Amino acid sequence: MQNKGAILTFAILLAAVCVYQLSFTWKAQQIEKDAVEYAQGDPKQEAFYLDSISGEEVYSFFGLKKFTFKDVKELEMNLGLDLKGGMNVTLEVSVNEIIRAMSNYSTDSTFNAALKRATQLQENSQADFVTLFGQAFEEIDPNAKMASVFNTLELRDRINFNTSNADVLKVINEETDAAIDNSFNIIRTRIDRFGVAQPNIQQLQTKGRILVELPGVKDQNRVRNLLQGTAMLEFWETYENQEAYQYLLLANQKIKDMETSTVEDTEEVSTETENTEAVDSTDTESSLLSELEAGAESDSTSSLDNLADFKKDYPLFALLNPSTDQSGQLFPGPIVGMAHFKDTAKINEYLHLEQVKNIFPRNMTFRWTAKSADAEGNFFRLIALKITTRDGRAPLDGDVITDARQDFDQFGSSPEVTMYMNSEGDKIWSRMTKENIGKSIAIVLDGYVRSFPTVQGEISGGRSSITGLESIEEAKDLANILKSGKMPAPARIIQEAIVGPSLGQEAINSGMLSFMIAFILILVYMFFFYSKNAGLVANIVLVANLFFIIGILASLGAVLTLPGIAGIVLTIGMSVDANVLIYERVQEELNAGKGIKLAISDGYKNAYSAIIDGQVTTLLTGIVLYLFGSGPIKGFATTLIIGILTSLFSAIFLTRIIFEWKLSKTDKITFTSKFTKDWLRNTAINFMGKKKIFYIISGAFIILSIGSFFVRGLNYGIDFKGGRTYVVRFDEDVKVNEVQDALTAVFGEAPEVKTYGESNQVKVTTEYKIDETSETVDNEVEELLMKGLQAGNFISSDVTLEQFTDIYQQSSQKVGPTISDDIRKDSAIAIGFSLIIIFLYILIRFRNWQYGLGAIAALTHDSLIVLGIFSLLYGLLPFSLEIDQAFIAAILTVVGYSINDTVVVFDRIREYLHIYPKRDRDENVNHALNSTLRRTFSTSLSTFAVLFAIFLFGGATIRGFTFALMVGVIVGTYSSLFIATPIAFDTQKRVAKVIAKRKK
């Protein structure tokens, strides 16, 4: 074997990378286990423990690099929401509303008709809304000028009456992109402040859509309000550090007294506060600095004692580092201190104590900065704000902003932000800047300070420049933040999925159980079928392959979902195919009388073509699934793709290295057991002679399936029709018709209610108010669901909505009508595209379009029959047979599996036609099909056994998915033998006859 050293080196390096990446998952679990033991069942104490060590070094990989717990959590393998529990939300910023706002809500008839037409076009188009709006505008009135609509005060310097429609669309694109980016940044900041571990926030391919995944979230109502709330932009005057510091010292003393005293005389405290307000803070400040210096200069034991005393004497400043230099001089500006993020909540608690609040002036308040002071993201600044209005609100808010953009100073070297205000804002801004020259004005978004520029002079005229920015990116971000004040279109939830923690834990348990059973089945099967020699080698490589898959998933930061686990198990089952192909080829070479070394060498050589062709076609369907899938389905595709690549490497190279090592020790290597030695070895089935029988059988199944489509139809899930689903678990068994009657009374329409898993758990599907987009509609529907169940006495009337969603509601999902349209389109495109690329691949590899036609005919046959079985049996079987995204993933997987089988057969036929060119074509085809029958049986049986284990033990969530795969394996195996090949060669014969007639 050539390049053995390079292959071994690569395998060792890959294994090392996998060990390195998986070590973070091991360490994170170890620390979280310590946190559980520390907390003794108290979630708050557990969270406190983990927060307290977030910035501490907890792990070192062989002393090469040290990692904090925060680093470890970022590098551990992520679990999907279906395993960990949490919330998956797709939000949409209405580009339609943004365009309306840019026109100042113009009443122009052409403009409004174009918006309406673009909304209609978007239902059946992949183009973005701005492009469709431009097309609709031109179609409705080719002579109309967009400039007349968008020549507003805010856009006048970019659009005049002579600006072409194409240039106006460019401006609209830029503005909508900026608005969407800004919404994304606002949502990301809100989520970061929400305190969710490992959130995933990303912009989707469809313009205006944002995906948010929040593992472990329990309060979904709070999350909905957080994500859908309009951004609040404010401008505040500030206090100087020197002004605020004396009050902070008094506050520290008050906190100390409160923590050390057992009884507090409130009248005395009030008097003391009044008397101490005039006390000079110099002595206190000096003592604070003296204690810090003393602690630094003493020995380690003394330092610990001094630190304890310091925390006791200065409880506030032990957390909040004052804004001073090394000599103790206060820094100018509004920053009064800096603290680690884990301490900000405690500082807020201190500052909001009633006795402490009384110390500060009534017009003094504090806000944290949104951006950390350090690159690691650990420390944040506290800013002192000045309240100057009677109602306590900011004197100026974002409504007055008409435009903001990133620009450069007069020398063109330093980035700055140019901001424009309307006349009302200009008056207030002029007064604020005049009264605060040399001081800072804080720009606050959603309660956090985003910037606090220093006023250089009075600013009038409505135009301001903010300078002193570090980078162009910072300037762009600030410009987008300022423009958020005039954002007319807050993000709205169009798709939502919630999985409760108990259901997530059950999914982990069932997923791992099915995984272990399936994996053991594969190991036993290979050992039984291919002896203790070759079978053991295959099992060693399967274990290595599993290790590689999980390690690469962790390295890529991929999310492991329940379908992802199914993908791993399925990949392991399918990876057996490469070993089977090799082993069967080696046996053929041995039966031909070759020695063991030559047989192994030629066996590998002859198997390469079939292995690569089969795996590449499956890989192509996996890539299509990844591109068009979302959420858990993308997780399934990811594991499938990685598994195929690692299977190829393991089966082709690692097994070969092991066999060569064994050959150096002994030449007694067997590739079959005495029980299976002659199974399907010398079959002589006349496949081509009986093809008409199989055509009739398949035709009957297809006609039955199509008939069922018309009579029964398909049971579409909410992915395809829109709606809401809720999985609710009760304390006792319930009857679905009684639950349905109770919910009909509150919804005004009959929801679909099915038993989901056990008899005490139901799945409720409803389209009630699915078209509404208000912020409160999701909470309203959940409340009606709870009230309906309470009225039917299924749950206690004392249960609150929070208790209902936390205890009884195990999961929920919402798919709005717009996104269900997109899912339908994407699904159709995915299936059509996969068939096209498979046809092209086979056409290129076999250089004969008839092979491609036979393969596509077989795949169409498989898809129709699987669909037909789902149509015929839904409602009759005790598990869900919905047509949803998971089903589309199953169909594409079946396509990949079936084409794998078909290509292996085609490859052997091509080989026989080349070796025996004078034989009758049908004889060659029959011989080829019989010679691959043993391999087909081995692969199909092992894959089916794996799927059956997942079906039995994988849980209700993926039972319908695995059922589709099981049916697909059976139908795919049948079609690769009895449909694909006969159609391909019948077509070749007919084409040959037509050509022969033309020649005559």
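Leaving aside residues up to four places away in sequence, Met-526 touches Ser-531, Gly-535, Ala-538, Asn-539, Leu-542, Val-576, Asn-579 and Tyr-583, where contact means heavy atoms within 4.5 Å. This is a predicted model, in which local features need pLDDT of at least 70 and side-chain atom pairs count only at pLDDT 80 or more, while totals for chains, interfaces and linings use all residues. Residues are numbered from 1 along each chain as its sequence is written, and side-chain values use heavy atoms, with hydrogens and water left out.

**Nonpolar cores**
- Met-526, Tyr-583, Phe-659 and Phe-671 have the most contacts inside the largest nonpolar core, which has 134 residues.
- A nonpolar core is a set of buried Ala, Val, Leu, Ile, Met, Phe, Trp, Tyr and Cys residues joined through side-chain atoms within 4.5 Å.
- Buried means under 20% relative accessible area, exposed over 50%, and partly exposed in between (1.4 Å probe, protein chains only).
- Helix 19 (residues 501–555) gives this core its largest share, 19 residues.
- Helices (H or I, at least four residues) and strands (E, at least two) are DSSP runs, numbered from the N terminus.
- A second, separate core has 44 residues, including Ala-118, Ile-191, Ile-201 and Ile-493.

**Aromatic rings**
- There are 44 aromatic pairs in the structure.
- In one of them, the ring centres of Tyr-974 and Phe-978 are 5.2 Å apart and the planes are at 45°, so the pair is tilted.
- Rings of Phe, Tyr and Trp (its six-membered ring) pair if their centres lie within 6.5 Å; planes under 30 degrees apart count as stacked, over 60 as edge-to-face and the rest as tilted.
- Tyr-974 and Phe-978 sit four residues apart in helix 33 (residues 959–978), a separation of about one helical turn.
- Phe-978 is buried, with a relative accessible area of 17%.
- A cluster linked by ring pairs takes in Tyr-525, Phe-528, Phe-529, Tyr-530, Tyr-583, Phe-659, Trp-679 and Phe-937.

**The whole chain**
- The protein chain has 34 helices and 23 strands.
- Of its 1000 residues, 51% are buried.
- The C-alpha atoms fill a box of roughly 110 × 80 × 70 Å, taken along the principal axes.
- Among contacts between residues at least 6 apart in sequence, 74% join residues at least 24 apart.
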